[in-house]
Amino acid sequence: VCKFFKDCEIIGGPNGIYFPLNERGLPTGEAFVEMETASDIDKALEKHKDCIGERYIEVFESRMSVMERVKKTSSEGGVRGKDAARDRDRGFRGERGFGGGDRERGFGGERGRGFGRGKEVSNYCVRLRGLPWEAKKDDISDFLSRCEIVGGQAGIIINMDDRGRAAGDAYVELETRDDMDTAISMHKREMGSRYIEVFEANRLDVEKAKDEQGRGGGSMGCG
């Protein structure tokens with residue numbers, strides 16, 4: 001990973017690289033990397049779709065809050081996997097984090113299943129944004145009718161704002177990579193009078209949304 005980002009300054013060198021583990025303690029194929037400056041992040045993003053060996057690597061910027069969660073349960077390139085997460089809201093030393101979500105994934109081809117301590121999450125998740133406020137799970141199922149959704153409507157999480165109103169976006173768990181690719185191909189298709197943005201979701205965000213749904217807040221559990 002250090003060689004892949006040889007043109008970037010990684011905080012602590014190998015100690016600034018974190019490899020998420022699945023529930024079996026195996027690497028998920030993703031990594032989160034802490035960069036020194038915004039300029040280093042921009043250089044790293046230019047490596048999107050470059051290769052390590054025979055595999056191309058996908059590179060996206062991540063929110064720092066996602067990285068902090070990963071750091072608590074990750075396997076590290078150095079010796080920091082169990083270090084206490086530092087109390088900061090955005091950025092390390094004032095800068096942005098980098099790695100795995102909103103189109104923020106770490107890099108690597110495969111994604112694990114059931115990462116973290118929350119509800120089990122599919123390997124293959126998408127986020128839909130720009131939904132009509134009145135959209136229900138039935139509408140989302142119809143929109144993704146060509147895809148197999150995990151558990152039927154149970155695999156759809158409609159996000160709510162702080163006032164309990166639909167936030168205009170949702171997460172959907174899908175059965176296979178082909179289903180995810182098919183869903184992503186629906187990007188900018190219309191639902192009613194609105195076009196819908198579809199992109200791959202970070203399963204940590206999906207897990208968080210499912211946890212909030214289970215506690216009765218943040219996401220809408222019924223269609």
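Lys 188 is partly exposed, with a relative accessible area of 44%; here, buried means under 20% relative accessible area, exposed over 50%, and partly exposed in between (1.4 Å probe, protein chains only). This is a predicted model, in which local features need pLDDT of at least 70 and side-chain atom pairs count only at pLDDT 80 or more, while totals for chains, interfaces and linings use all residues. Residues are numbered from 1 along each chain as its sequence is written, and side-chain values use heavy atoms, leaving out hydrogens and water.

Lys 188 sits in the loop between helix 4 (177-184) and strand 10 (189-191); helices (H or I, at least four residues) and strands (E, at least two) are DSSP runs, numbered from the N terminus. Its phi is near 75 degrees, a positive value in a residue other than glycine. Most residues other than glycine have a negative phi. Lys 49 likewise has a positive phi, near 75 degrees. This lysine belongs to the loop between helix 1 (38-45) and strand 3 (51-52), and it is partly exposed at 43% relative accessibility.

Turning to the interior, a nonpolar core is a set of buried Ala, Val, Leu, Ile, Met, Phe, Trp, Tyr and Cys residues joined through side-chain atoms within 4.5 Å. The largest one has 21 residues, of which Leu 128, Ile 140, Leu 144, Val 172 and Leu 174 touch the most other members. At least two residues of this core come from each of strand 7 (124-129), helix 3 (137-143), strand 8 (156-160), strand 9 (166-174), helix 4 and strand 11 (194-200). Another core, of 11 residues, lies apart from it and includes Cys 8, Ile 17, Val 33 and Met 35.
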